[in-house]
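User: I am new to this structure. Please take me through it by question and answer.

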Amino acid sequence: MHSSLILLTILLAVVWRWQWRGDQGQLPHRSWQVRWESALGHFCLPPLTIVLVAGAVLSMGHHGTMMGWSVSPVGCWVSLGVLFWFSGVLVYSLGRALRTHWRLRQYPTITLPQGETARCVPTDIPIAAQIGLWRSSLLVSQGWLDQLTPAEQRAVLAHEQAHAAFKDPLWFFGLGLLRRFAFWLPNTTALWENLLLLREIRADQQAANSSDPLVLAELLVKLTRQMTLAMQPPDLGADLDACAGFNEPLSISRLEQRVDALLTPAPESETQASGLCRLAWLVTAVLPLATTCLHS
């Protein structure tokens, strides 16, 4: 019975992911808040449900019955494999984060003209990123200092401060963990790229509150041209693989969406999903734990 429960959960996770349409459906015409809630739910809940079901099955053990059906050790072994894989991905992700933190600490700390402190990377490519987990720090390149005007630097700093305020480095550490764990589920890559884009749109709009949106839009186009022609250092690229934004060559589609979001803000009538909706997501995620009540 436990094996059937695990197979049913995996099937539901696949269907849940498969029916996501994202930018091919009606969501591009909605605000980034609505799109973020939709993409985040479809990205996180299917793999989390699988992990929780595996934990529930393992806690029930292979003795007794479930809904009158006998249980066997097979479900426990499968659950153990799922949790072992998740733990391995977690250890790997933490190891990468610690290695990145150690590597970036080798770069000198400087004081920017705007008064901020940052790590400086000796490369001509204009790079700015928030690095770290709970307490992230700013990373800039020598090219960022030399090639951008003071107004452009202030716009980029406002964008990066928005990432820090939203705890984006920590969020995307967790999302990257789920991405590696559930790489085999449908639409994993599409959802990941969609979340990256929506993260940048959110930071762009937050930065637009203190900077000219037109300056931000022109800066996006300018840096996209430069990054298209430049080659990022391989050793640095490995450390910045999740830091999309002003330091990544954007596709035309993603660039257009970010520029459009800056120049044509979403209607004020659209707000973030209500607390009741978030509570429904949470209940859905922990629902597998209720299956332990069916075991006797």
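The questions below cover a helix, some strands, a surface patch and charged pairs.

User: What kind of model is this, and how many disulfides does the structure hold?
Analyst: This is a predicted model. A disulfide needs a pair of cysteine sulfur atoms within 2.5 Å. Cys44 is buried at 12% relative accessible area, and Cys120 is buried at 7%. The number of disulfides in the structure is 0.

User: How far apart are the end C-alpha atoms of helix α5?
Analyst: Helix α5 covers residues 150-165, which makes 16 residues. At 1.5 Å a residue, the helix should span 22 Å. The model agrees with that expectation, because the end C-alpha atoms are apart by 22 Å.

User: Which residue with a positive phi follows α5?
Analyst: Within α5, the buried residues include Leu157 and His159. After the helix comes a residue whose phi is near 55°. That residue is Lys167.

User: Is strand β6 largely enclosed or open?
Analyst: Strand β6 spans residues 137-141. Burial means under 20% relative accessible area. In β6, 4 of the 5 residues are buried, so the rest of the structure leaves this strand largely enclosed.

User: Which strand runs antiparallel to β6?
Analyst: Strand β4 pairs with β6 in the parallel sense, over 3 bridges. There, Arg119 stands opposite Leu139. Another strand, residues 128-131, joins β6 by 4 bridges and runs antiparallel. Its Ile131 stands opposite Ser137, and the strand is β5.

User: What accessible area does the patch of Leu8, Leu11, Leu12 and Val15 have together?
Analyst: These residues form a nonpolar patch on the surface. Val15 lies in helix α1 and is partly exposed, at 48% relative accessibility. Together the patch has about 390 Å².

User: How many residues apart are Asp168 and Arg202?
Analyst: Asp168 and Arg202 form a salt bridge, with the closest N and O atoms 2.5 Å apart. The pair links distant parts of the chain, helix α6 and helix α7. Asp168 is buried at 1% relative accessible area, and Arg202 is buried at 8%.

User: Which residues do salt bridges with shared partners join into one network?
Analyst: Arg199 and Glu200 meet in a salt bridge at 3.0 Å. Arg258 and Asp204 meet in another, at 2.8 Å. The network joins Arg199, Glu200, Asp204 and Arg258.

Key: Residues numbered from 1 in each chain as written. Predicted model: local features only at pLDDT ≥ 70, side-chain atom pairs only at ≥ 80, totals over all residues. Heavy atoms only, no water. Buried < 20%, exposed > 50% of the residue type's maximum accessible area, 1.4 Å probe, protein only. Helix = DSSP H or I, 4+ residues; strand = E, 2+ residues; numbered from the N terminus. Expected span 1.5 Å × (residues − 1). Patch = residues over 30% accessible without salt bridge, like charges linked within 9 Å, V, L, I, M, F, W, Y side chains within 5 Å. Areas by Shrake-Rupley, 256 points an atom, 1.4 Å probe, with all protein chains shown as cover. Salt bridge = Lys/Arg side-chain N within 4 Å of Asp/Glu carboxyl O. Pairing = 2+ DSSP bridges.
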